Amino acid sequence: MLRTMIAVFLSLGAGEAFAQETIFRLKNSTGYPIRQLSVSPTQLNMWGPNFLRPPPIKPGEAREVSYKAPTDYCMGDLKAGFADDGAPAVWQYLNLCTLQKISLHYDRASGVTTARYDE
């Protein structure tokens, strides 16, 4: 029993040891207020916790956001949840290791997401 508890404790702490605080500037060009952001390794749908602090990011607004970035992968997906309760949107294949500034675009009618790193 004691060995099991120690193993669980060590495994929970290991996840934090392989993460680093990452800050990037996000511009909301979706047309909808973003209230949640989370990341996952590309195409695995293993979403981390919401790392966006209130208030929601309004359309056209830019804000610095920070999260605990994993150090064991660079290519990841970003999922946004919207304050108007619309379906979440996902941007795939983002290089999280070099991410400094990004503008998220979303066409809700078609479901197409695009991102620009130069805005």
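**Rings, core and a loop**

Q: Trp91 and Tyr106: buried or exposed?
A: Both Trp91 and Tyr106 are buried. Keep in mind that this is a predicted model.

Q: How do Trp91 and Tyr106 pair?
A: Their aromatic pair is edge-to-face. The centres are 6.4 Å apart, with 65 degrees between the planes.

Q: Which strands hold Trp91 and Tyr106?
A: Trp91 is in strand S5 and Tyr106 is in strand S6, so the pair ties together parts 15 residues apart in sequence.

Q: How many aromatic pairs does the structure hold?
A: Six. One of them is Tyr32 with Phe82. Those ring centres are 5.8 Å apart and the planes are at 65 degrees, so that pair is edge-to-face.

Q: Which residues do the ring pairs link into a cluster?
A: Tyr32, Phe82, Trp91 and Tyr106.

Q: What about Arg108, where does it lie?
A: Over the face of Tyr32, 3.7 Å from the ring centre. Arg108 also lies over the face of Phe82, at 5.4 Å from that ring centre.

Q: Switching to packing. Which residues in the largest nonpolar core touch the most other members?
A: Phe24, Leu26, Ile34, Leu37, Phe51 and Leu78. That core has 22 residues.

Q: Which elements give two or more residues to this core?
A: S1, S2, strand S3 (62-70), S4, S5 and S6.

Q: What does Leu26 touch?
A: Leaving out residues up to four places away in sequence, its contacts include Ile34, Leu37, Leu78, Ile102 and Leu104. Glu61 and Arg63 are also among them.

Q: One more. Where is Leu99?
A: In the loop between strand S5 (89-95) and strand S6 (101-107).

Q: Is Leu99 buried or exposed?
A: Leu99 counts as buried, because its relative accessibility is 6%.

Q: What does Leu99 touch?
A: Ile23, Phe24 and Tyr117, not counting residues up to four places away in sequence.

Technical notes. Residues are numbered from 1 along each chain as its sequence is written. This is a predicted model: local features need pLDDT of at least 70, side-chain atom pairs count only at pLDDT 80 or more; totals for chains, interfaces and linings use all residues. Side-chain values use heavy atoms; hydrogens and water are left out. Helices (H or I, at least four residues) and strands (E, at least two) are DSSP runs, numbered from the N terminus. Buried means under 20% relative accessible area, exposed over 50%, partly exposed in between (1.4 Å probe, protein chains only). Contact means heavy atoms within 4.5 Å. Rings of Phe, Tyr and Trp (its six-membered ring) pair if their centres lie within 6.5 Å; planes under 30 degrees apart count as stacked, over 60 as edge-to-face and the rest as tilted. A charge sits over a ring if NZ of Lys or CZ of Arg is within 6 Å of the ring centre and within 35 degrees of the ring normal. A nonpolar core is a set of buried Ala, Val, Leu, Ile, Met, Phe, Trp, Tyr and Cys residues joined through side-chain atoms within 4.5 Å.
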